[in-house]
Every structure is written in structure tokens, then in C-alpha cells.
Amino acid sequence: MEDKYKTRAQLLNELLQLRQEVSSMRISASSREQAEKILKKSEENYRLLVENQTDLVVNIDTQGRFLFVSPSYCEMFGKTEEELLGKKFMPLVHKNDLEITVKSTEDLYRPPYTCYVEQRALTK
């Protein structure tokens, strides 16, 4: 039915529905903005935590390349973040510990996705 043939009640009902949709969109946008603020704050807190601890923290991809290195890791190995990111971590492992390191890191790709390995590393 064309708008000119709709009753006043039908048009008012459609107007009410459109207003509700617009209101819902505003709420969604507001919720998204608030979620983005919370996420940003959480990321800032995580970054501060990682950057200010003495533990060595890294994130590697499935090929063993660094995606993230903590400042303490860089300091321990005497390298900058730029020198490590995108590079493989295995060249930093002592040659006598390569085999056990490879076997242990394979556990990272099976549940529960954790591994524990003691190895020697080539630091500064």
C-alpha cells in the first residue's frame, strides 16, 4: 500500500517503529563507544604491566617469529625491539638445547596450549 493510502494510525505506527529503531541505533553506538573506551583502557593497563616487569615476555607466531618482545627481553638479549620483531627466536637458543626447545614448543599448538622448557640462551 502506498503512503498516501495508509491510514493515519498506520503512519503513526510506522513513525513510532522508526523512532524506536533510531533510538536503538543511538544506544548501540553509545555502547560501542563505551566498549571501545574500556578496551583501550584495558590495553593500556596490559601494556604498562608488560613493559614494567622484569619477566621476559614474548609472543611468537606459528613459524617461531617474534610478534612482541618486552623491554626486559630486549635488555636481556642486548637487542632492540626492531632487531627482534619478525625474526625467529631459535637462533637465540643454545645449540645443545634446540631439540628440547622444538619439542616443548610443539605443545603450544595442542590443548592446553602451554609449554614449559628450561633452556640456555645466547644473551648479551
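Modeller: E99 counts as exposed because its relative accessibility is 58%; here buried means under 20% relative accessible area, exposed over 50%, and partly exposed in between, with a 1.4 Å probe and protein chains only. E99 belongs to helix 4, where helices (H or I, at least four residues) and strands (E, at least two) are DSSP runs numbered from the N terminus. The model is predicted, so local features require pLDDT of at least 70 and side-chain atom pairs count only at pLDDT 80 or more, while totals for chains, interfaces and linings use all residues. Residues are numbered from 1 along each chain as its sequence is written, and side-chain values use heavy atoms, with hydrogens and water left out.

I100 is also found in helix 4. With a relative accessibility of 43%, I100 is classed as partly exposed. E99 is 18 Å from R110, which is 11 residues away in sequence. I100 is 60 Å from V22, at a sequence separation of 78 residues.

The segment after helix 4 contains P112 and Y113. The peptide bond from P111 to P112 is cis, its omega being near 10 degrees. Y113 has a positive phi, near 60 degrees, although this residue is not a glycine. Y113 counts as exposed because its relative accessibility is 52%.

Helix 4 (98-106) also takes part in the largest pocket: along with strand 1 (58-60) and helix 2 (71-77), it supplies at least two residues of the lining. The volume of the largest pocket is about 530 Å³, a volume being the space filled by probe spheres set on grid points, which are joined across faces, edges and corners. Its lining comprises 22 residues, and those nearest the centre are V58, Y73, F89, V117 and Q119. By class, the lining has 16 nonpolar, 5 polar and 1 charged residues; Ala, Val, Leu, Ile, Met, Phe, Trp, Tyr, Cys and Pro count as nonpolar, Asp, Glu, Lys and Arg as charged, and the others, Gly among them, as polar.

N59 has F68 of strand 2 as its bridge partner. The hairpin has 5 residues between the strands, and G64 there adopts a positive phi near 85 degrees.

Helix 1 (residues 8-51) contains Q17, and R19 also lies in helix 1. Q17 is partly exposed because its relative accessible area is 42%, whereas R19, at 58%, is exposed. From Q17 to E51, 34 residues along the chain, the C-alpha distance is 50 Å. R19 and I60 are 41 residues apart in sequence, with 49 Å between their C-alpha atoms.

Taken as a whole, the chain contains 4 helices and 2 strands, in the order α-β-β-α-α-α from the N terminus. The chain is more spread out than a compact globule, because its radius of gyration of 27 Å is well over the 14 Å that the globule rule gives for 124 residues; that radius is taken over C-alpha atoms, and the rule is 2.2 Å times the number of residues to the power 0.38. The C-alpha trace spans about 85 × 30 × 25 Å along its principal axes. Of the 124 residues in the chain, 17% are buried. Where contact means heavy atoms within 4.5 Å, 26% of the contacts between residues at least 6 apart in sequence join residues at least 24 apart.

Technical notes: On a 1 Å grid over the protein atoms alone, a cavity is a set of points where a 1.4 Å probe fits but cannot get out, and a pocket is an open set with protein on both sides within 12 Å along at least five of seven lines; lining residues have an atom within 4 Å of a point. Two strands pair if DSSP finds at least two bridges between them.
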